[in-house]
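Here are my notes on the side-chain contacts, in the order I'd go through them with you. Have the model open while you read.

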Amino acid sequence: MGTNINYEELLEERNRAVERILNNFRNWDKELESGLQIIKDNQVEMDRIDTLNLQLSRYPEAQRVEYIEKIKEIIEEQKKLQTLIKEKQDSLLKSMQQLNKKDMVIKNYISKSKKSLFIDKDVR
């Protein structure tokens, strides 16, 4: 009976970890900074789930349909987060390229030559 209680506790702890991950995604404000924090927070939970899954590996019935569906939902949310990060990265890269082009244009318009120029007024 002690093994059964341990099994139930492990399942419950794994479910709580999965729910914390999903709640992080659900409460995400779609900002890059908070998205990066969610990745860090979720990594802690994923590590916990990996440890729990190792302990639950001797119980084939531990891979319940509900758990698998929640993992699929986590994967979809993670893809959305990665897509946003990629879009922000591309946007930042384009902004940097535009800034570099602007700097090049400015440098081309400003003469760097410091030679003196004398004009003879008596030339006809």
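**Notes on the side chains**

1. Let's begin with Arg 16, which is partly exposed at a relative accessible area of 38%; that label covers anything between buried (under 20%) and exposed (over 50%), using a 1.4 Å probe and protein chains only. Glu 12 and Arg 16 both sit in helix H1, four residues apart, or about one turn of the helix. Helices here are DSSP runs (H or I, at least four residues), numbered from the N terminus.

2. A word on what you're looking at. This is a predicted model, where local features need pLDDT of at least 70 and side-chain atom pairs count only at pLDDT 80 or more, while totals for chains, interfaces and linings use all residues. Residues are numbered from 1 along each chain as its sequence is written, and side-chain values use heavy atoms, with hydrogens and water left out.

3. Back to the charges. Side chains of opposite charge can pair when their charged atoms come close. The structure holds 12 salt bridges. Glu 12 and Arg 16 belong to a network of them that also links Glu 13, Arg 20, Glu 45 and Arg 48.

4. Two other bridges to click on. Glu 19 and Arg 26 join through their side chains at 3.6 Å, N to O; Glu 19 is partly exposed at 25% relative accessibility, and Arg 26 is partly exposed at 47%. Then there's Glu 69 with Lys 72, whose closest N and O atoms are 3.8 Å apart. These two are three residues apart in helix H3, so about one helical turn separates them. Glu 69 is partly exposed with a relative accessible area of 43%, and Lys 72 is partly exposed at 48%.

5. How many aromatic pairs does a search of the whole structure find? One. Rings of Phe, Tyr and Trp (its six-membered ring) pair if their centres lie within 6.5 Å; planes under 30 degrees apart count as stacked, over 60 as edge-to-face and the rest as tilted. Here Tyr 7 and Tyr 59 have ring centres 4.5 Å apart and planes at 55°, so the pair is tilted. It links distant parts of the chain: Tyr 7 is in helix H1 (residues 2–26) and Tyr 59 is in the loop between H2 and helix H3 (65–109), 52 residues apart. Tyr 7 is buried at 4% relative accessible area, and Tyr 59 is buried at 13%.

6. Now look at Asn 53, in helix H2 (residues 32–56). Is Asn 53 buried or exposed? At 18% relative accessibility, Asn 53 counts as buried. Leaving out residues up to four places away in sequence, Asn 53 touches Arg 14, Gln 63 and Tyr 67, where contact means heavy atoms within 4.5 Å.

7. Arg 14 lies over the face of Tyr 67, at 3.6 Å from the ring centre; a charge sits over a ring if NZ of Lys or CZ of Arg is within 6 Å of the ring centre and within 35 degrees of the ring normal.

Conventions:
A salt bridge is a side-chain nitrogen of Lys or Arg within 4 Å of a carboxyl oxygen of Asp or Glu.
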